[in-house]
Amino acid sequence: MADVLLTHSYHLYYDRKQTRKMQPFPPLGTLYAAALLRRAGVSVAVFDTMLNDPATDFLMALDRHRPKLVVVYEDNFNFLSKMCLTRMREVAFQILEFSQTAGATVLVNGSDASDHASEYLRRGFRCVLLGEAEWTLLEAVSHLLGENEQELRQVPGLAYVDEHSGAVVRTTKRALMRDLDQLPCPSRDLIDIDQYRSAWKMAHGYFSLNIVASRGCPYRCNWCAKPIYGDSFSVRSPQAIAEEMRHLKHDLGAEHLWFADDIFGLRPKWIRELAAEVERRDAAIPFKMQTRVDLMTRDNVRALRRAGCAEAWMGVESGSQKVLDAMDKGTRVEQIAKARENLRHEGIRACYFLQFGYPGETWQDIQSTIRLVRDTRPDDIGVSVSYPLPGTKFYDRVQAQLGAKTNWSDSEDMAMMFQGAYTNEFYRALHDALHAQVDSWNSCSAGQNLEREHRGPEELWNRVMRLEKTCRNPRPTMLSSFPGESLVRLSAPVYATSFDELLDVLAN
């Protein structure tokens with residue numbers, strides 16, 4: 001029995017791409033919420049949807065715990081939750097129906113619920129916990145378990161339907177936390193860690209767990225949605241992080257870590273202090289993290305290596321300065337090569353997030369990105385297309401172009417949601433070709449014989465060249481930031497007009 005059953009809506013096996021990757025991580029956001037409730041004396045259980053059936057297994061959890069309240073509390077540190085996938089929304093609504101049938105009151109928190117609070121409330125959720133919600137959850141649960149529902153209006157950070165008027169009520173906005181060390185560590189004991197250990201060991205031969213050092217990101221890339229933390233940035237103390245790393249390494253047997261922060265290594269002094277605390281506790285574990293190219297200075301990278309960093313994923317986005325400027329990225333193309341070299345010098349894998357299809361990007365800009373990848377040879381890449389999410393300047397600019405489909409179904413969807421320079425088919429072909437090319441380069445660097453594999457990238461690039469001519473969009477989205485310029489100038493000179501010319505772009 002438990003008064004509160006916490007859960008979330010991301011199920012790995014509903015996501016084709018993530019099922020193939022098989023890199024599941026516990027729902028940290030959900031477990032932070034559980035830890036705070038538990039510390040306050042609330043009886044709490046967790047149903048972890050990640051590796052368990054959100055239908056049959058969740059019904060069994062309802063029967064076992066018979067909760068008064070069910071809270072769909074998303075893991076807001078999971079980038080997949082931030083993508084507001086329609087499959088996740090469907091699971092959340094299914095959890096709602098099951099819980100209501102069992103007689104439970106249901107609350108919800110997450111990026112999608114914060115963006116679409118009215119829709120979630122119309123479906124029957126009692127409250128939407130807006131934005132950063134641990135303390136909102138604690139206060140709301142205290143009121144609801146004490147049957148003081150009339151006092152919900154006094155809880156900051158809530159949206160709910162007034163029982164008398166039927167209107168959606170939004171209470172005052174809750175201030176974001178500044179001292180993250182006031183939160184207890186995530187209640188990892190409430191889930192089956194062995195499930196994750198088995199999945200990782202079977203797929204990769206080692207066991208990885210996730211951890212977060214900070215919340216938010218102060219940079220303002222105009223396509224980046226921030227419904228939870230906005231433009232704020234708060235960071236935990238190096239001592240607290242190093243101690244949690246020690247626990248994960250020595251007590252839970254983690255052999256690798258994923259720092260799920262939006263941005264890691266923002267402050268050089270903090271990185272050096274973290275490295276010292278990690279060394280003092282024998283807490284170093286190889287970890288990967290996300291960062292920016294302009295933060296990967298020689299001194300920062302050296303300190304990151306001391307702390308255990310083995311892999312850095314950087315938001316490179318494009319090899320065209322015009323596109324980076326249009327995104328309000330705040331970085332320079334030349335910083336990418338420097339960051340890559342600094343990481344290489346310290347033996348840290350340098351990986352790029354690349355984004356195609358941003359309004360204003362031309363075939364010439366795409367080839368600039370291909371050249372950048374060729375010249376700097378990252379260890380891995382992640383390729384996506386520009387994805388407009390509510391609350392961003394990018395979304396506001398292209399909203400008029402959006403049709404009935406406004407969210408991806410899963411992380412492999414990669415559908416263009418607006419009228420871009422090319423159709424979906426072209427961008428998917430570009431994704432496949434660039435991934436195959438990077439894989440072949442890196443395999444060759446490792447000394448493997450890839451005569452057969454080399455034909456794969458060539459065939460894929462041939463397809464890209466064919467589709468570049470046939471998949472051009474005749475009426476691409478126009479942006480005010482590009483006055484008088486169409487999204488693609490088909491009459492303008494471009495680098496490559498044939499596969500042979502593209503080979504020059506790719507040539508060693």
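Tutor: Start with the second largest pocket, which has a volume of about 360 Å³. Keep in mind that this is a predicted model. The pocket is lined by 15 residues. Closest to its centre are Leu130, Gly131, Lys173, Pro227 and Ile228.

Asp439 lies 211 residues from Ile228 along the chain, and their C-alpha atoms are 35 Å apart. Asp439 itself sits in helix 17, which covers residues 424-445. With a relative accessible area of 44%, Asp439 is partly exposed.

Now compare that span with the whole chain. The C-alpha atoms fill a box of roughly 70 × 55 × 40 Å along the principal axes. The chain holds 19 helices and 15 strands. Of the 508 residues, 58% count as buried. Take the contacts with a separation of 6 or more: 75% of them join residues 24 or more positions apart.

Rolling a probe the size of a water molecule over the atoms shows where empty space is left. A search of the whole structure turns up 7 cavities of 30 Å³ or more. The largest cavity has a volume of about 100 Å³. It is lined by 14 residues, and those closest to its centre are Ser9, Glu74, Met88, Asp112 and Tyr120. Which elements give two or more residues to this lining? They are helix 5, strand 4 (105-109) and helix 6 (111-115). By type, the lining of the largest cavity has 7 nonpolar, 4 polar and 3 charged residues.

Helix 5 leads us on to one of its residues, Ser99. Is Ser99 buried or exposed? Ser99 counts as buried because its relative accessibility is 0%, and the cut-off for buried is under 20%. Leave aside the neighbours within four places in sequence, and Ser99 is in contact with Phe58, Leu62, Val70, Ala104 and Val106.

Two of those partners, Phe58 and Leu62, take us to helix 3. This helix runs over residues 56-65, and its buried residues are Phe58, Ala61, Leu62 and His65. Seen down the helix axis, they fall within an arc of 100 degrees, so they line one face of helix 3. The general rule is simple. An α-helix has 3.6 residues a turn, so residues three or four places apart point the same way. What does the buried face of helix 3 pack against? Its buried residues pack against strand 1 (4-7), strand 2 (44-46), strand 3 (69-73) and helix 5 (86-101).

Most residues other than glycine have a negative phi. Just after helix 3, Arg66 takes a positive phi of about 45 degrees. Helix 12 is followed by Gly308, which has a positive phi near 115 degrees. Asp282 is not a glycine, yet its phi is positive, about 55 degrees. Asp282 lies in the loop between helix 11 and strand 12. Its relative accessibility is 46%, so Asp282 counts as partly exposed. Arg377 is not a glycine either, and its phi is positive at about 45 degrees. Arg377 is in the loop between helix 15 (363-376) and strand 15 (380-385). With a relative accessible area of 24%, Arg377 is partly exposed.

Key. Residues are numbered from 1 along each chain as its sequence is written. This is a predicted model: local features need pLDDT of at least 70, side-chain atom pairs count only at pLDDT 80 or more; totals for chains, interfaces and linings use all residues. Side-chain values use heavy atoms; hydrogens and water are left out. Buried means under 20% relative accessible area, exposed over 50%, partly exposed in between (1.4 Å probe, protein chains only). Helices (H or I, at least four residues) and strands (E, at least two) are DSSP runs, numbered from the N terminus. The arc is that of the directions from the helix axis to the C-beta atoms. Contact means heavy atoms within 4.5 Å. On a 1 Å grid over the protein atoms alone, a cavity is a set of points where a 1.4 Å probe fits but cannot get out, and a pocket is an open set with protein on both sides within 12 Å along at least five of seven lines; lining residues have an atom within 4 Å of a point. Grid points are joined across faces, edges and corners, and a volume is the space filled by probe spheres set on the points. Ala, Val, Leu, Ile, Met, Phe, Trp, Tyr, Cys and Pro count as nonpolar, Asp, Glu, Lys and Arg as charged, and the others, Gly among them, as polar.
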